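Dear colleague,

Here is the structure I said I would hand over. My notes on its fold, surface and charged side chains follow below.

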Amino acid sequence: MIDLLDELTSYLASNTGLTPGVSAFYNEMPDEPAKCIVIQEERHGVSIPVQIDAEIHSIKITARDSSASGSKSLAESCRRWLITDLETYDEDKTVDTTGFITLPNKAVVHVRLYSSPVWEKADQHGRKYFCFYASIITPR
């Protein structure tokens, strides 16, 4: 069993120029810094038969920045790295995007994205939030 939120935070941070625990978090988003992401696991009712050695996780990724364009760009960057971990995807959008990515601990997981980043809110400091959802299948 892997610590999915920790691994996913490290994976997205390393691919978006953020730092785990400083500007990339899971479960809770601190008040600072303005530019950051948080990954949260949502409750869901989907289960896999015990004969299949896997788990399904419903994930919400939220990006925050001081501007709407910065927040949306950060969320889109996170989404891009959940499509595929192949670096060549940025130059060639025709590469295979099966949804499989390799996390820092070498675990291979399958990601199914449910939406593009959408506006969520602005907070009392004027920072903007964009979020999107994904389902991730991991080894049990």
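One cut-off first: a residue counts as buried under 20% relative accessible area, as exposed over 50%, and as partly exposed in between. By that scale Lys-72, with a relative accessible area of 35%, is partly exposed. Please bear in mind that this is a predicted model.

Fold and overall dimensions

The protein chain has 2 helices and 7 strands. Read from the N terminus, their order is α-β-β-β-α-β-β-β-β. For its 140 residues the globule rule gives 14 Å, and the radius of gyration of the protein chain is close to that at 15 Å, so the chain is as compact as a globular protein of that length. The C-alpha trace spans about 50 × 35 × 25 Å along its principal axes.

Of the 140 residues, 42% are buried.

Charges and salt bridges

The protein chain carries 14 positive and 20 negative side chains, with the centres of the two sets 6 Å apart. There are 4 salt bridges in the structure.

Asp-31 and Arg-127 form a salt bridge through their side chains, at 2.9 Å from N to O. Asp-31 sits in the loop between strand 1 (24-26) and strand 2 (36-42), and Arg-127 in the loop between strand 6 (118-122) and strand 7 (128-139), so this pair ties together parts 96 residues apart in sequence. Asp-31 is partly exposed at 41% relative accessible area, whereas Arg-127 is buried at 6%.

The side chains of Lys-60 and Glu-120 also meet in a salt bridge, at 2.6 Å from N to O. Lys-60 belongs to strand 3 (residues 54-65) and Glu-120 to strand 6, so parts that are 60 residues apart in sequence are tied together by this pair. Lys-60 is buried, with 12% relative accessibility, while Glu-120 is partly exposed, with a relative accessible area of 30%.

The salt bridge between Glu-76 and Lys-72 has its closest N and O atoms 3.9 Å apart. Both residues are in helix 2 (residues 68-83), where a spacing of 4 residues separates them by about one helical turn. Glu-76 is partly exposed, at 40% relative accessibility.

Finally, salt bridges with shared partners join Asp-31, Asp-123 and Arg-127 into one network.

Regards

Methods:
Residues numbered from 1 in each chain as written. Predicted model: local features only at pLDDT ≥ 70, side-chain atom pairs only at ≥ 80, totals over all residues. Heavy atoms only, no water. Rg over C-alpha atoms; globule rule 2.2 N^0.38 Å. Buried < 20%, exposed > 50% of the residue type's maximum accessible area, 1.4 Å probe, protein only. Lys, Arg positive; Asp, Glu negative; His and termini not counted. Charge placed at Lys NZ, Arg CZ, Asp CG, Glu CD.
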